[in-house]
Amino acid sequence: MKSLALLFLVVAMLSSCVGYVKKSDGVYYRDCNEANGCSLRKIDADPETFETLGDGYARDIDRVFIGGGPIEGADAATFKVLSNSYAVDKDHAYYGGHVIESSTGKNFKVIDAYYSTDDIDVFYQSNPLKVCSVKNFRRLYEDDKESLSDYWSTDGCYYYYMHFKIPSADYTNVQLLKETPGFAKDKQWVYNLDQKINFNIDGEKILDTVDAASFTINKYCDSCRDKFGCINLYKGRVPCN
């Protein structure tokens, strides 16, 4: 326990050292890690106009920075840090320094640490969901913090696990297997994230038939099965243990 507490203390001390440093000859960014300690690297910023903005963001008269690197295309004059690593300028919104694809700066607001909206779409961190209804979007199972079920949401037309859309056209009959990483089923098909489990992550068909009604799963599908037998998410049908 003492060694674990010491590790947390070291990590906390290193983290507190990370950030921007202005010197007489320019602006520097201090990087720290447990293996190599801390080091300074000079960044291409104007020290006269340079200012830190919070959440790792900073700017000078021309550019915006995060983690000591420039954010290409960000408008320094209108750039504003919001919360939970989100920021906005006149054209776009940003998460963790990455532009949020298809977002607009106008009307952008943070919903929570995961989600945001510009009243046109909803975004999971930097990923657009392309929802059918911003008004009807809601988080599911929000009370289950630190649980796999905390990542489910819906727009009234589809269900989402993080930014993955469950591709069922039978919304009213979708059953979310909520304590799993993105599994769901309807009357005909079983899904993982944005595809049927008939296909592996490489898009190769591995199952001809899955019985959705009898399909059961433990948390990570290392022992999925239906009435026809056992299923491996990467290989298809496998012998049952």
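Partly exposed means a relative accessible area between the buried limit of under 20% and the exposed limit of over 50%. In this predicted model, Arg 237 has a value of 33%, so Arg 237 is partly exposed. Asp 226 is buried, at 4%.

These two residues form a salt bridge, with the closest N and O atoms 2.8 Å apart. The pair links distant parts of the chain. Asp 226 sits in strand 24 (residues 224-226) and Arg 237 in strand 26 (residues 236-238), 11 residues apart.

## Other salt bridges

The count comes to nine salt bridges. One of them joins Arg 63 to Asp 44, at 3.0 Å between the closest N and O atoms. Arg 63 lies in the loop between strand 5 (57-59) and strand 6 (64-66), and Asp 44 in the loop between strand 3 (37-43) and strand 4 (51-54), so the pair ties together parts 19 residues apart in sequence. Arg 63 is partly exposed at 30%. Asp 44 is exposed at 61%.

Glu 51 forms a salt bridge with Arg 59, at 2.8 Å. Glu 51 is partly exposed at 34%, whereas Arg 59 is buried at 18%.

## Ser 147

Ser 147 lies in the loop between strand 16 (138-139) and strand 17 (152-154). The residue is buried, with 16% relative accessible area. Its side chain makes a polar contact of 3.1 Å with the side chain of Ser 149.

## Cavity

The structure holds one cavity of 30 Å³ or more. The largest cavity has a volume of about 40 Å³. Its lining has four nonpolar, three polar and one charged residues. Among the lining residues are Asn 192, Lys 196, Phe 199 and Leu 233.

Conventions
Residues numbered from 1 in each chain as written. Predicted model: local features only at pLDDT ≥ 70, side-chain atom pairs only at ≥ 80, totals over all residues. Heavy atoms only, no water. Helix = DSSP H or I, 4+ residues; strand = E, 2+ residues; numbered from the N terminus. Buried < 20%, exposed > 50% of the residue type's maximum accessible area, 1.4 Å probe, protein only. Polar contact = N/O pair within 3.5 Å; in protein donor to acceptor, adjacent residues only side chain to side chain. 1 Å grid on protein atoms, 1.4 Å probe; cavity = no way out; pocket = protein on both sides within 12 Å on 5 of 7 lines; lining within 4 Å. Points joined across faces, edges and corners; volume = space filled by probe spheres on them. Nonpolar A, V, L, I, M, F, W, Y, C, P; charged D, E, K, R; others polar. Salt bridge = Lys/Arg side-chain N within 4 Å of Asp/Glu carboxyl O.
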